[in-house]
Amino acid sequence: MVSVDRHLAPDEQLVHATRQHWTEIVSEFLVLALIWVVAAVLLWLTPAGEDWGTNADYVIVGLALVASLWFWLIPLLKWRSTVYIVTTKRIYKRSGFLTKTGHSIPLIRVNDVSFRATLWERLMREGTLYIQSASEQGMLTLKHVPDPEGLKDLIYGAVDAEQSDRQGGFDGQAPGPGR
């Protein structure tokens with residue numbers, strides 16, 4: 001599970017936290033496997049016992065390591081550092097492992113929440129959530145969200161609860177004696 005306690009303000013409670021769906025990094029694992037299959041074939045093709053063959057082996061392994069870092073580890077770290085958080089006060093997207101970025105929308109400013117899921121995404125139980133707000137940024141897009149329809153319903157519930165708390169049972173009448 002995602003640890004988000006350090007992102008919470010003192011007056012808010014965690015409602016839901018998630019990362020992007022695991023299918024976001026499947027292609028990186030396939031690329032990693034392809035890199036090492038190509039490296040293994042190249043190592044097998046280089047002649048053994050010759051000076052340039054040994055140097056070529058080192059170059060092949062070195063390039064495979066660099067390619068693994070670039071095409072697998074960096075995307076994996078990006079995926080691992082992308083967190084979607086819903087609290088009792090706001091919706092928050094945080095991403096990045098070297099350069100951090102964050103975008104939050106107060107629940108009281110949420111105008112609309114919609115989702116999109118292609119056939120493949122529906123089969124994998126993921127999708128994209130679009131959260132429109134009454135702020136200058138306007139839209140927060142959460143990509144590759146597990147169960148986007150469930151998260152949409154959860155956000156609407158949190159928005160309703162926040163709006164009820166803000167109204168505090170106000171019935172439109174001025175306070176009078178005994179009130």
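Let me begin with a definition: axes are lines fitted to C-alpha atoms, for helices over the stretch in contact, and angles run from 0 to 180 degrees between N-to-C directions. Helices (H or I, at least four residues) and strands (E, at least two) are DSSP runs, numbered from the N terminus.

The structure before you is a predicted model, in which local features need pLDDT of at least 70 and side-chain atom pairs count only at pLDDT 80 or more, while totals for chains, interfaces and linings use all residues. Residues are numbered from 1 along each chain as its sequence is written, and side-chain values use heavy atoms, with hydrogens and water left out.

Contact means heavy atoms within 4.5 Å. On the helix 1 side, the residues include Phe29, Leu32, Ile35 and Trp36, and those they meet in helix 2 include Ile60, Leu65, Phe71 and Trp72. The residues of this contact divide into 16 nonpolar, one polar and two charged. Here Ala, Val, Leu, Ile, Met, Phe, Trp, Tyr, Cys and Pro count as nonpolar, Asp, Glu, Lys and Arg as charged, and the others, Gly among them, as polar.

Next, the strands. Two strands pair if DSSP finds at least two bridges between them. Strand 2 (residues 83-87) pairs with strand 3 (residues 90-95) in the antiparallel sense over four bridges, and a hairpin of two residues joins them. Within strand 3, Tyr92 is the bridge partner of Ile85. Strand 3 also runs antiparallel to strand 4 (residues 101-106), with six bridges between them; here Arg90 has Pro106 as its bridge partner. Five residues lie between strand 3 and strand 4 in their hairpin, where Gly96 takes a positive phi near 100°.

Finally, which strands form the open sheet, and in what order? Three strands do so, in the order 5-6-7, with antiparallel pairing. Strand 5 (110-116) and strand 7 (139-146) are the edge strands, each pairing on one side only. Neighbouring strands are turned by 20° against each other on average, direction ignored. Strand 5 and strand 6 (residues 126-133) share six bridges, and Ser114 has Tyr130 as its bridge partner in strand 6. Helix 4 (residues 148-167) packs on this sheet, touching strand 5, strand 6 and strand 7, and its direction makes about 170° with that of strand 5.
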